Structures are given as structure tokens and as C-alpha cells.
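Thanks for coming. I will go through one model, its packing first and then its ligand site.

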Amino acid sequence: MDIDLSPDDLKFRAEVREFLSSSAYKPGADYGKWRDEWFAKAKAKGGWDVPKWPKEFGGPGWTPTQHYIWEQETAQATLPWDMPFGIGMLAPILMGYGSKEQQERFLPDIRARKVNWCQGYSEPGAGSDLASLKTKAVLSEDGKYYTVNGTKIWTTAAHMADWIFCLTRTQDTGVRQEGITFLLFPMKQPGIEVKPIITLGGAHSVNTVYITDVKVPVENRIGEEGKGWTYAKGLLQHERTGLAGISRSLVALEKLKEHAASVKRGNATLMDEPAFRAKVAALEVDLMALEFTELRSLAAAAKGGALGPESSIMKLKGTEIQQRIAKLTVEAGGIYAAGWGMPIGAKFARGGMASYLASRAYTIYGGASEVQKDVIAKNVLGIRSSQK
Amino acid sequence: MNFNYTDEQQLLSDSVERFVAENYDLEARKKIVDGEPGFSREHWRSMAELGWLALPFAEADGGFGGTQVETMILMESFGKGLVVEPYVASIVLGGGALRRGGSKALKEKLMPGVIDGSVQLAFAYAEEQARFDLEDVVTAAKADGDGFVINGAKSVVQNAATATHIVVSARTSGGQVDTNGITLFLVDAKADGIERYDYPTVDGLRASEVKFKNVRVGKDAVLGDVGKGFEILNAVANDGILALSAEAVGAMEVLYKDTVAYTQERQQFGHPLSDFQVLQHRMVEMFMEYEQCKSLLYRATMETANDSPTAQRTIHALKHLVGRAGIFVAENAVQLHGGMGMTEELRIGHYFKRIVVIDSVFGNTDHHLKKFAA
Ligand SMILES: Cc1cc2nc3c(=O)[nH]c(=O)nc-3n(C[C@H](O)[C@H](O)[C@H](O)COP(=O)(O)OP(=O)(O)OC[C@H]3O[C@@H](n4cnc5c(N)ncnc54)[C@H](O)[C@@H]3O)c2cc1C
């Protein structure tokens with residue numbers, strides 16, 4: 001065991017820092033143009049535009065430590081706006097289970113950030129119990145296409161998406177995990193209606209997607225018919241580790257301290273108030289531990305292949321930590337908590353309420369916390385329930 | 001000791017329950033909140049007709065001579081419907097300052113209007129640097145001729161946009177955080193030198209940042225004695241805490257009960273969610289926290305109504321618990337509703353937002369724990 005970075009890692013870190021500072025956004029510049037150029041430059045570095053992709057698909061093939069360094073350094077920098085659905089969620093599925101044609105057809109556009117994807121899993125009746133999904137896909141008699149009917153809900157960014165990756169039911173075998181088929185289809189076509197859902201505080205990011213008689217060619221099916229659940233499950237692990245947001249929380253915590261220290265209390269500041277200080281300190285302790293839980297898990301994964309069940313710990317603890325930071329930011333805002341976005345009180349407090357409200361969803365999506373704990377009980381602790 | 005309502009209190013409770021049930025479903029509330037002036041003038045008139053605007057005022061002033069207990073009964077039901085009419089701002093706070101500190105002449109002039117609803121008040125006490133400390137007052141009133149000139153800024157003043165009069169705390173002597181030297185003034189809301197920035201708050205109410213720039217008032221605008229306003233200010237804030245806590249308790253009741261109902265309807269994994277023990281226990285905790293808040297609410301309200309020497313400490317305990325437990329109940333109500341809890345469409349989220357805001361008014365949970373332990 002050795003906690004120090006090796007000379008190679010230090011060299012790598014310097015290179016990352018150099019890259020991030022030389023490619024940083026300059027205020028006033030054309031954002032879209034900068035974004036395109038940034039991804040192009042990152043690609044030229046040897047796959048830095050897709051850090052998590054494996055080497056054979058053009059990724060950088062970093063070691064766990066290099067990934068950790070990248071996360072740490074990029075959390076401090078302003079990175080171009082990026083959606084996780086294509087790059088982080090669908091791409092690994094395509095690489096693992098898609099055909100060569102599908103990989104060639106979809107991966108380049110995902111990588112170029114040219115096509116926006118959304119994730120069509122949840123349904124009104126299938127949330128935590130995703131396997132009970134009912135959106136029906138019926139194969140045509142000539143075997144050339146599926147006809148899809150059903151309703152997806154909570155679909156993030158469906159209103160901005162070009163394509164959807166969608167879990168559908170092709171068979172009712174009695175075992176709910178069977179008979180699920182993984183389909184890809186365009187969003188901009190007749191038969192697809194997207195209705196906004198407004199969340200707390202008035203934001204529009206999620207939608208209901210109504211799918212009526214949409215025809216999907218069989219070439220757009222990932223893997224075998226009826227095996228979609230297996231493919232999706234692998235993807236959920238990727239989603240969950242991504243949701244822990246550890247390095248972002250480290251940065252957010254520093255910001256929180258800074259903000260709290262800017263709130264004057266007599267000759268001292270809010271950071272000097274024992275109750276507030278203790279809460280911030282407890283957060284920092286949990287975050288320090290979680291940082292190493294992630295490193296241990298990445299190291300284990302590097303040796304053994306698949307991401308372990310630690311990804312569930314990370315999602316649970318990581319999202320809780322994000323919520324606590326958001327809550328403390330509201331508390332630091334004091335009397336201005338109610339103001340949300342209005343030009344009143346300290347600047348930092350203005351976005352506090354909106355972030356706090358949004359943060360409540362972190363323990364709901366990507367596997368609600370209660371259900372994640374069931375997964376750990378079963379898969380990690382090996383507890384076999386006698387009930388069911 | 002007796003926890004039963006009197007016949008009159010029971011009548012009050014029944015009539016306000018009915019009012020909320022008839023007028024405050026989510027749709028109706030949304031319409032009111034989205035419109036101008038952010039509350040219903042018609043409801044406000046009904047409240048006057050039902051006598052609610054007269055509740056806490058002395059009979060000699062034309063009121064019903066009620067105590068904090070009557071206000072609690074009203075506010076707890078208001079909390080169940082998230083009522084947005086400016087009862088707290090105008091009657092509990094502004095009215096509370098007027099009834100405690102107003103001269104005979106001032107009361108004769110304004111009380112009839114407060115009680116019939118034509119006069120509306122706002123209570124401008126909070127300042128940015130003060131955070132939750134009532135005594136931290138920078139807004140200054142300088143004696144000038146036979147009156148005063150007020151300069152300063154007040155934050156998150158509820159109902160300032162529709163108030164006809166604003167009660168403002170200002171420093172007439174002493175240092176920034178001295179309790180001595182604070183004076184309360186009742187100012188015409190249209191007075192020269194008052195500037196407002198109005199905005200909706202996240203919980204569906206309205207508030208304003210209010211600037212006072214060389215605002216002139218006469219001696220007759222002083223509530224209580226010059227330099228001795230803190231006592232009134234603190235008593236009014238205590239009434240405000242009791243009223244908001246009652247509202248929060250009403251909101252907590254809706255939150256836990258809606259959650260119990262929802263989890264029995266919603267099916268996942270072939271079971272109603274309420275079959276899962278971890279959720280049962282969570283809901284039991286929500287219920288217990290609600291009951292605990294209600295107990296402290298009763299305790300603090302009755303002690304205050306009886307002028308008990310322990311009332312102040314119990315009020316600190318109450319506001320601390322309502323912040324801590326209220327947010328626990330609210331966050332878990334959202335959590336147990338899953339994605340649905342995050343939507344504006346269900347009422348859960350609206351109660352959640354209100355409870356979070358209540359924690360930020362008149363001192364949050366940490367502030368009052370510190371005062372309680374001091
Ligand atoms: C902001 C947001 C964005 C989202 N984006 C997407 C998206 O892009 N694509 C997509 O497909 N989905 C998305 N979702 C949906 C998300 O995955 C679901 O909300 C989640 O799976 C929970 O399902 P549900 O909302 O139906 O809650 P439910 O499953 O009804 O759960 C409600 C509550 O019951 C608990 N519970 C459920 N089962 C059990 C059990 N067995 N034991 C104990 N407790 C249990 C849960 O933990 C939760 O607290 C999003 C959701 C939100 C809020």
C-alpha cells in the first residue's frame with residue numbers, strides 16, 4: 001500500500017492541468033464553438049474526450065489512479081456541457097452487446113456529441129420495480145420491424161433528445177426479467193409525444209413520453225430479443241457510479257465553506273458557529289472516506305474487471321452527501337432561503353434553494369436509496385430473505 | 001391541565017377546517033398564488049366576516065380578546081391548506097405590534113380597518129447582516145423636529161406590496177446589537193422615500209426588499225416607547241414563531257397522512273409500498289415527529305398565553321424541533337412518493353417547500369437550539 005502518487009502519475013496530473021488551463025473557456029467567447037473545439041482538442045490528446053471508454057473504442061485506457069486524477073482536476077475546471085445518456089450510459093451497452101454495425105453507426109455521433117440520447121426505462125407502473133415494465137413491442141410477421149406502444153415517464157431531456165434507448169416488453173413469460181427487449185429509435189417522428197413534467201421550483205427537465213405505433217427496424221435492437229434486462233442491468237451499474245459525484249462534492253464543499261465564511265456574524269463568520277461548523281466537518285469526514293471507497297473500488301475493478309457492488313455504496317453515500325451540501329447552502333443563506341434566484345441577499349444563496357429542491361431527486365433516481373439497500377443486503381451481505 | 005377546546009374554540013376549529021376544505025385544494029391555491037396580488041381578496045373578506053381578523057385583539061379595541069391558543073387553532077388548519085392570505089403578516093405580526101404598542105389614538109384610527117380587513121400591515125424587522133438576530137438593527141431613525149427620519153433596508157418583508165402600513169424596527173440609540181435603543185414605527189406604506197423590490201417566494205407567498213430613504217414620520221408613529229421597542233419586537237416574533245409552528249404542524253399532518261395513503265395505493269414488486277417494513281418504520285417516525293411537534297406547540301402556546309416565565313425557553317425548543325422534525329417529515333414524504341414527490345402536480349412538494357421556508361423565518365433550527373441551550 002502506498003498513498004503517494006507515482007512520478008508517472010504526477011507527470012500525468014501536470015499534463016491534465018496544463019490541458020485544462022490552456023483549453024479553458026474565456027468569458028465572452030462563443031460557447032458552442034468553444035465546446036466543439038474543446039472536444040476536438042481532448043480527442044487529439046488520445047481519447048480525453050471519452051475518458052471512460054476502453055482503449056479499443058478510442059478511450060485513453062487510463063489506470064484507476066489516472067481516472068481519479070482526471071475527476072479531481074476536472075471538478076475544479078469548467079468543462080463543456082455534456083449529457084451522460086449517450087457517452088456514459090448507452091455507449092458501454094453498445095460496446096458490450098451491440099453489433100459491429102451498430103457500434104459503427106452510433107458510437108461516432110455519440111462521441112462527437114452530435115446526437116442527444118434519452119433513457120426510456122421508467123414507466124408509470126414501473127419505477128423501482130423496473131422489470132414490471134409494460135411498453136409493448138410486437139415483431140412484424142416478416143420479422144423486419146417492431147411496433148412499439150406504451151408510456152415512459154421521468155424521461156430526462158426527452159424534449160431535447162434525438163434518439164431514445166428504450167426497454168420494451170416482447171414477451172410475458174411469467175418471469176418479469178425475461179421478455180424485455182432493448183430498442184433504439186428516433187424521437188422526432190410521428191407517434192411520439194413528449195409532455196413536460198414540472199418539478200419542484202418550476203424546472204422542466206423530465207417528461208412523459210407517449211409512444212403510439214412507432215415502427216422500429218430490427219437492426220435497432222441491441223443483442224437478442226428478450227435479453228434486454230441483462231444488458232440494462234450492466235448499464236445501471238455505470239449510471240450509479242457516475243451519480244456519486246464525489247469530486248464534484250469535494251469542490252462544492254470547499255465552495256460551501258467559502259460562502260459560509262463570507263457570512264459575517266459579529267467579529268466572526270457563520271463558519272465559526274459551532275453547530276454549523278460541526279455539520280460541515282461531519283460532511284467532510286464522510287466525503288474523505290467515500291473518496292477512498294471509490295478508489296478502492298476502482299482498484300478492485302481494474303484487477304477483476306466488472307464494477308463491484310461498491311457502486312451501490314457510492315451512489316447511496318454520494319447522493320446523501322450532495323443533499324447535505326445543498327441543504328447547508330440553504331442554511332447558510334439564512335433569511336434569504338425563500339428567495340430562490342431573486343437578486344436579494346448574498347449571491348451564493350440565490351441558487352441554493354433550487355439546488356436543494358433538485359437534490360431531493362438524487363436519492364430517488366438511478367435506484368432509490370431504500371431499494372439500493374435491498375440490493376446491498378442481498379448481493380453483498382448475502383442475506384436471503386425468507387419472505388417474498 | 002386540560003387539552004380540550006372550549007365550545008367557542010371548537011366552533012372556530014370547525015369553521016376554519018370547513019373553510020380550508022372548501023377553498024384550498026391544490027388547484028384553487030395555484031390559481032390564487034399565480035394571480036395578483038398573490039392572495040384572494042375575497043377570502044380575505046370572508047376571514048373578516050368570520051371574525052378571524054379580530055381574534056387576537058382586545059375587546060376594548062373591537063376584537064374578540066383571544067389568545068395565542070385561538071391563533072394556533074386557526075394557523076394549524078391554515079397549514080393543512082397552505083393558506084396564503086396575509087394573516088400572519090397583517091394580524092399576528094403587524095397587528096401584534098399595533099395592539100401592544102399603539103397609542104390610544106393610533107389604535108382608534110387603525111384597528112377598525114385591521115379588523116375589517118381594509119387596513120393591511122407588514123412587519124419589517126429582518127436585515128441582511130442580522131441573519132436571525134432581532135436585536136441586530138442598523139436601520140436608523142434620527143430625531144428631527146417633532147418626528148423622526150428613517151434610513152435603512154429591510155429584507156424578505158412579507159406582504160409589503162399590499163400592506164397599507166408597515167411596522168419597522170429602527171435604531172434610535174445604542175450599538176448595532178443592543179436590545180436597548182430599538183424603536184418600532186408604524187409607517188404609511190406609501191410614504192415618500194419607501195422603495196420596494198417585490199418578488200414571489202418559493203413557497204408561493206410574496207415578499208419585498210424594502211428601502212427607507214429619509215422617510216419622515218411623526219412622533220405619533222412610534223409604537224411603545226422610544227428606545228424600548230425590543231420587548232414588543234420580541235413578543236411579536238414569539239407570536240410569529242407560534243403561528244408559523246402551528247402552520248408547520250398542520251402541514252406535517254398532511255405530509256405524513258398523504259404518504260401513508262399513497263404508499264398503500266402505489267404498487268411495486270407486486271405489493272403496495274406500505275408492505276415494506278423499512279417504509280412502515282419511516283412513516284412511523286414521521287408520525288412520531290409530527291406528534292412531538294404538536295406537543296411542544298401546545299406547551300409553548302399555552303405557556304405564552306399564560307405569561308409563564310418558562311415560555312421563552314419553550315418557544316426556542318419549539319422552533320428548533322419544528323425545523324428539525326418538519327424537514328425530516330417533508331423530505332421523507334417526497335422520498336416515499338418517489339418521482340411523484342418531485343412534481344408540482346402533487347401537493348406534497350408544496351408543503352415541503354413551505355416547511356423549508358418556515359425554518360428560515362424568525363431563526364432556524366440551529367439558532368433556536370443555541371438560544372435554548374444558552
Ligand atoms: C429528476 C428525475 C429524473 C429521472 N430521469 C429518468 C430518466 O431519464 N429515465 C428513466 O427511465 N427514469 C428516470 N427517472 C425515474 C427514476 O428512475 C424513478 O423515479 C425511480 O426508479 C423510482 O421510481 P418511482 O418514482 O416510480 O418510485 P417508486 O418505485 O414508486 O418508489 C417510491 C418509494 O418507495 C420505495 N420503495 C420502492 N420499492 C421498495 C421496496 N421493495 N422496499 C422498500 N422501499 C421501496 C422507494 O425507495 C421510494 O422511496 C427519473 C426520476 C427523477 C425524479
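Leaving aside neighbours within four places in sequence, which residues is B:Tyr87 in contact with? They are B:Trp44, B:Trp52, B:Leu53, B:Leu55, B:Pro56, B:Thr71, B:Leu74, B:Met75, B:Phe78 and B:Val92, where contact means heavy atoms within 4.5 Å.

Before more of that, the conventions. This is a predicted model, in which local features need pLDDT of at least 70 and side-chain atom pairs count only at pLDDT 80 or more, while totals for chains, interfaces and linings use all residues. Residues are numbered from 1 along each chain as its sequence is written, chains are lettered from A and ligands numbered from 1 in the order in which they are written, and side-chain values use heavy atoms, with hydrogens and water left out.

Back to packing. B:Tyr87 is among the residues with the most contacts inside the largest nonpolar core, together with A:Met353, A:Tyr356, B:Trp52 and B:Phe78. That core has 118 residues. A nonpolar core here is a set of buried Ala, Val, Leu, Ile, Met, Phe, Trp, Tyr and Cys residues joined through side-chain atoms within 4.5 Å. Buried means under 20% relative accessible area, exposed over 50%, and partly exposed in between, with a 1.4 Å probe and protein chains only. A second, separate core of 31 residues includes A:Trp53, A:Phe106, A:Trp117 and A:Phe182.

Now the ligand. Residues of chains A and B surround the ligand, so the site is shared between chains. Of the 29 residues around the ligand, A:Ser128, A:Trp154, A:Thr156, A:Glu370 and B:Arg266 come nearest; a residue counts as near if one of its heavy atoms lies within 4 Å.

A polar side-chain atom of A:Thr156 is 2.7 Å from a ligand nitrogen atom. For A:Ser122, an N or O atom in the side chain is 2.8 Å from a nitrogen atom of the ligand. At A:Tyr121, a polar backbone atom is 3.0 Å from a ligand oxygen atom. The ligand taken alone exposes 970 Å², and the protein buries 93% of that, by the Shrake-Rupley method with a 1.4 Å probe.

Last, backbone geometry. Most residues other than glycine have a negative phi, and most peptide bonds are trans. B:Glu36 and B:Pro37 are joined by a cis peptide bond, with omega about 5°. A:Asp213 has a positive phi, near 50°, and counts as partly exposed at 46% relative accessibility. B:Phe269 also has a positive phi, near 55°, and is partly exposed at 29%.

Methods. Polar contact = N/O pair within 3.5 Å; in protein donor to acceptor, adjacent residues only side chain to side chain.
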